[in-house]
Amino acid sequence: MVGPAENYAYLNALIRSRLSLFFRWEELVSLAKGSLAGLEGAILSGRYGESYRYQLVTAEPSALKRIETALAYESTRQLSWLLAHASGEPKALLSVLLARADLYNFRLLLRSFAVSGGHMKEPLWHLYGSLPRSFYKSLFDCSSPMEAVERALSFNHPFVVPIAEALRQLEADRNLLAAEGIFLVRFLEIQRGIAIKFPTKNGRLVLEFLGRLVDLWNLGLWIRKRSGYGRGLTGVEYLTGGAWIDPRRLEEAEVVGVAVSETPWQSVTRRISAPSHHEFYRALNVEFWRWQAKQLRKDPLGIEVAMGFSTWQIVEWQNLTALAVGLSLGLRPEQITQSLIPLE
């Protein structure tokens with residue numbers, strides 16, 4: 001493919017220089033045994049310190065809010081730095097990996113209309129994707145999904161049409177999962193269209209990432225159906241294009257082991273015994289994160305390094321936020337630790 005030269009060697013050398021900055025698992029466990037003030041001190045003295053001292057952040061009276069805002073700001077800064085230093089193939093493939101931010105934000109937006117009728121407090125958006133905060137805030141401020149459709153269509157972006165289609169679906173039947181499915185299908189079409197332009201092992205790895213996203217969504221739907229929430233799932237079908245899970249198998253499977261047998265997801269059932277549906281779905285999500293994180297050291301001249309780095313950054317953000325929330329609520333250390341995502 002003709003275009004800017006790829007720069008994996010330069011990009012990955014930059015990334016490796018930052019790997020030692022992440023919190024190790026034992027440090028997170030130790031922080032869970034402390035206090036919110038202790039966590040605040042650890043964040044202030046580390047690489048999040050600059051963001052923490054940022055005027056808008058320190059103006060917050062709540063320690064929890066200060067921490068959450070600093071984590072969001074610094075994580076966005078790190079991931080934007082990553083994309084800014086990529087060129088050619090790694091930049092295009094990274095844009096696909098980081099578009100998960102738009103997927104996350106749009107799900108938040110849909111749920112704000114479905115659950116609260118658009119009256120939630122504005123969330124901390126993930127802003128390392130392709131759409132800015134002004135876009136999401138503009139839609140979030142709308143009083144109805146149809147008003148949000150009109151505003152969305154005034155933007156010029158490939159995600160705008162699927163966003164509008166999903167919002168119309170939500171307005172029509174209030175079926176959140178069906179609306180999410182509509183957006184996800186079109187979102188994945190766009191992302192696959194980018195990744196497929198690179199017929200290399202890097203492009204294939206990113207396509208597997210997208211396929212695993214489909215697997216995860218389908219398994220989540222399977223769990224809902226088996227948990228007795230079938231009445232809210234009318235018209236919601238399994239998606240095609242998964243990496244390992246065939247929708248026909250899910251239609252027939254009655255137990256967890258059959259649903260994931262002979263696929264990489266099977267390792268989840270081997271690690272936990274007699275899981276509840278909730279435990280199983282959390283374990284699937286952890287497995288997805290761990291698979292991405294493990295790519296970090298597989299090829300020093302491939303997209304694996306950037307995939308692994310971005311995963312470590314996003315998961316650290318989630319883990320430190322879970323620590324802050326757990327400590328502010330006075331949860332026991334073991335309760336807090338159980339909510340963390342272990343990557344090591």
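Which residues does Leu-79 touch, not counting residues up to four places away in sequence? I began my notebook with this one, and I note first that the model is predicted, so that local features need pLDDT of at least 70 and side-chain atom pairs count only at pLDDT 80 or more, while totals for chains, interfaces and linings use all residues. Residues are numbered from 1 along each chain as its sequence is written, and side-chain values use heavy atoms, with hydrogens and water left out.

Entry on Leu-79. With contact taken as heavy atoms within 4.5 Å, I found that Leu-79 touches Leu-98, Tyr-128, Ser-310, Gln-313 and Ile-314, leaving aside residues up to four places away in sequence. I placed Leu-79 in helix 6 (residues 63-84), where helices are DSSP runs of H or I with at least four residues, numbered from the N terminus. Leu-79 counts as buried because its relative accessibility is 0%, buried being under 20% relative accessible area, exposed over 50% and partly exposed in between, with a 1.4 Å probe and protein chains only. I also looked up Gly-330, which is 251 residues from Leu-79 along the chain, and the C-alpha atoms of the two are separated by 31 Å.

Entry on Glu-316. I located Glu-316 in helix 18 (residues 304-329), and it counts as buried because its relative accessibility is 4%. Beyond residues up to four places away in sequence, Glu-316 touches Phe-22, Phe-23, Arg-47 and Tyr-48.

Entry on Tyr-54. I found Tyr-54 in the loop between helix 4 (49-53) and helix 5 (55-58), and at 36% relative accessibility Tyr-54 counts as partly exposed. Tyr-54 and Thr-337 are 283 residues apart in sequence, and I read 29 Å between them in space, C-alpha to C-alpha.

Technical notes
Helix = DSSP H or I, 4+ residues; strand = E, 2+ residues; numbered from the N terminus.
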